[in-house]
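The sequence and the structure consulted are placed below.

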Amino acid sequence: MMEKLRRMVNEIANTHNKAHLSPLHRSLVPLLFVSSSLYKLALSLRHFLYQNGLFPIHHLEVPVISVGNLSWGGNGKTPMVEFISLWLAHSGISPLILSRGYGGGDEIKMLQRHLLGTPIKLGVGANRAAVACHFIQKYGYIDTRKSSWYEKQDSLDSGKIGVVVLDDAMQHWSLRRDLNIVMVNGLTFRGNLQLLPLGPLREPWTALRRADVVVIHHADLVSEHILKDIESMIERIKANIPIFLTKMDPTYLFEVGVMSAKISFTAIHKATILCLSAIGSAESFVKRIQKMGAFYVDRVDFSDHHAFLAKDIELIRAKLGELDNKFDSKPIVIITEKDYDRDPEIHKQLYPFKVFVLCSTLKVVPYRGGTEGSFKKFIKDQLKLQVPAGH
């Protein structure tokens with residue numbers, strides 16, 4: 001029941017014209033409008049209390065990068081956090097990632113798996129200032145704006161923290177930040193322009209004035225015309241703000257239960273595929289699979305962070321049975337890494353159907369002079385980091 005309600009709310013939030021909604025959907029709009037108005041009031045009050053010093057803003061001894069967004073799910077925040085953190089580590093700076101661990105911690109589990117064996121530290125907790133202080137007290141810190149590269153290499157070996165990277169922190173105002181990166185989902189950037197829960201927005205678009213840089217994610221899945229529309233809207237709110245484009249670049253597949261064996265994308269060429277996901281932007285996941293040469297692609301979507309239950313597995317098995325009968329070939333299930341890390345065991349219950357996990361990494365898309373190199377240089381210059389040339 002709750003899953004159905006979440007899906008209806010999501011459909012309302014992403015529909016521009018209310019006339020296109022069913023009567024049942026329209027019946028929810030007045031309640032959602034009241035809730036959205038109360039949310040707006042609470043948001044304004046909270047912002048006022050921080051701006052006027054009535055709520056404390058904590059300062060850390062090291063530079064702080066915030067990666068956040070203005071709308072719910074699918075904006076690429078966690079992949080961007082991983083991208084920046086790996087670059088910093090490669091440059092001789094030991095970063096600390098801070099996350100609130102929302103939604104059962106699926107994103108944290110994914111980061112832990114990806115970053116295993118690196119000097120990158122992960123701190124989880126709602127009070128991120130307290131978590132940061134704990135890590136800095138435990139490992140020490142180094143001022144990366146003044147230290148030489150050789151000193152940073154020694155710091156990397158000793159584990160001293162050089163930069164803090166906040167995951168999903170646009171609305172987390174209790175920590176002062178030196179760089180505000182705002183991610184925008186190119187596929188769903190507008191929605192109905194309303195605040196939660198009537199719409200997808202956590203804050204009005206005017207909050208982009210607090211951003212230092214905007215990154216349009218899933219840029220490879222939208223047209224040039226839409227990209228120009230997004231750019232124009234951003235520049236009307238904050239002129240001359242740097243804008244970069246990113247995408248998720250598929251790297252390989254692995255089968256659930258056999259993580260060590262990488263599978264080539266040729267395994268799904270001309271195959272019947274069922275995309276199964278509980279993420280913020282299922283559309284981007286499905287579109288990416290459709291571009292990989294499958295014979296037929298179907299989908300079963302759940303709300304973001306949904307924990308699969310036995311009844312969900314039955315529903316999915318029924319869908320797989322339909323596809324098997326329709327095409328007379330056993331379909332392959334493809335899930336995201338986030339869905340895998342939420343519960344690595346549950347998908348084994350779909351046997352004898354194969355379940356593959358799609359692995360992807362974030363890439364900066366060259367666009368109007370914006371490249372991976374210029375993006376890294378922008379961060380380095382903004383934070384005044386002492387990073388050797390070529391990093």
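Pairing requires at least two DSSP bridges between two strands; strands (E, at least two residues) and helices (H or I, at least four) are DSSP runs, numbered from the N terminus. In S4, Val165 is the residue opposite Ile97. S2 is also joined by four bridges to strand S3 (residues 121-124), again parallel, and there Ser99 stands opposite Val124.

I note the basis of these entries: the model is predicted, local features need pLDDT of at least 70, side-chain atom pairs count only at pLDDT 80 or more, and totals for chains, interfaces and linings use all residues. Residues are numbered from 1 along each chain as its sequence is written, and side-chain values use heavy atoms, with hydrogens and water left out.

I then checked burial (buried is under 20% relative accessible area, exposed over 50%, partly exposed in between, with a 1.4 Å probe and protein chains only). Strand S2 (residues 95-99) is largely enclosed by the rest of the structure, because five of its five residues are buried. In a regular strand, side chains alternate between the two faces of the sheet. On one side of S2 I find Pro95, Ile97 and Ser99, and on the other Leu96 and Leu98, all buried.

In helix H4 (residues 106-114), I list Asp106, Ile108, Met110 and Leu111 as buried. The buried residues of H4 pack against H3, S2, S3 and helix H10 (337-342).

For cores, I used sets of buried Ala, Val, Leu, Ile, Met, Phe, Trp, Tyr and Cys residues joined through side-chain atoms within 4.5 Å. The largest nonpolar core has 33 residues, of which Ile65, Val67, Met80, Ile84, Ile181, Phe375 and Ile379 touch the most other members. Helix H3 (residues 77-90) gives this core its largest share, seven residues. I followed Ile84: leaving aside neighbours within four places in sequence, it is in contact with Ile65, Val67, Val165, Ile181 and Ile379, contact being heavy atoms within 4.5 Å. A second, separate core of 25 residues includes Leu201, Ile216, Leu227 and Val365.

Which elements each supply at least two residues of the lining of the second largest pocket? I recorded helix H1 (2-13), strand S10 (296-301) and helix H9 (310-327). The largest share, five residues, comes from H1.
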